[in-house]
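Q: Could you walk me through this structure, beginning with a set of contacts and then moving on to other topics?
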Amino acid sequence: SIIETNMNSGSDQLSAVLPGRRIMGIFGFCDIRNFTDCTECLQADVMVFVNRIASFVHRAVKDNLGSPNKNIGDAFLLVWNLPEQR
């Protein structure tokens, strides 16, 4: 991997032009339905609500061999790597 190669190079210089490799994956996207209505009702507790939902989403994705990639407000980007085909 690019990060691993940079870390193991023994140099204090970062090489941003190392060749990468193509991998196949599936990206999933989900968001919290009626989030605007929820924020109006919950007000200060909206982050508690979002974090609680995130814990369920992250656990479900990890249990199914995926990786939660990014949380963006009321939305979640999720990734599953596909096995390499030979």
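Q: Leaving aside neighbours within four places in sequence, what is Ile-32 in contact with?
A: Ile-32 is in contact with Phe-49, Val-50, Ile-53, Asp-74 and Phe-76, where contact means heavy atoms within 4.5 Å. This is a predicted model, in which local features need pLDDT of at least 70 and side-chain atom pairs count only at pLDDT 80 or more, while totals for chains, interfaces and linings use all residues. Residues are numbered from 1 along each chain as its sequence is written, and side-chain values use heavy atoms, with hydrogens and water left out.

Q: Which residues make up the largest nonpolar core?
A: That core has nine residues, namely Ile-32, Phe-35, Val-46, Val-50, Ala-54, Val-57, Val-61, Phe-76 and Leu-78; a nonpolar core is a set of buried (under 20% relative accessible area, 1.4 Å probe, protein chains only) Ala, Val, Leu, Ile, Met, Phe, Trp, Tyr and Cys residues joined through side-chain atoms within 4.5 Å.

Q: And which element gives the most to this core?
A: α3 does, with five residues, and the elements giving two or more are α3 (46–63) and β3 (75–81), helices (H or I, at least four residues) and strands (E, at least two) being DSSP runs numbered from the N terminus.

Q: Switching to cysteines, how many disulfides does the structure hold?
A: It holds zero disulfides, a disulfide being a pair of cysteine sulfur atoms within 2.5 Å. For Cys-30, the nearest cysteine sulfur, that of Cys-38, is 14 Å away.

Conventions. Buried means under 20% relative accessible area, exposed over 50%, partly exposed in between (1.4 Å probe, protein chains only).
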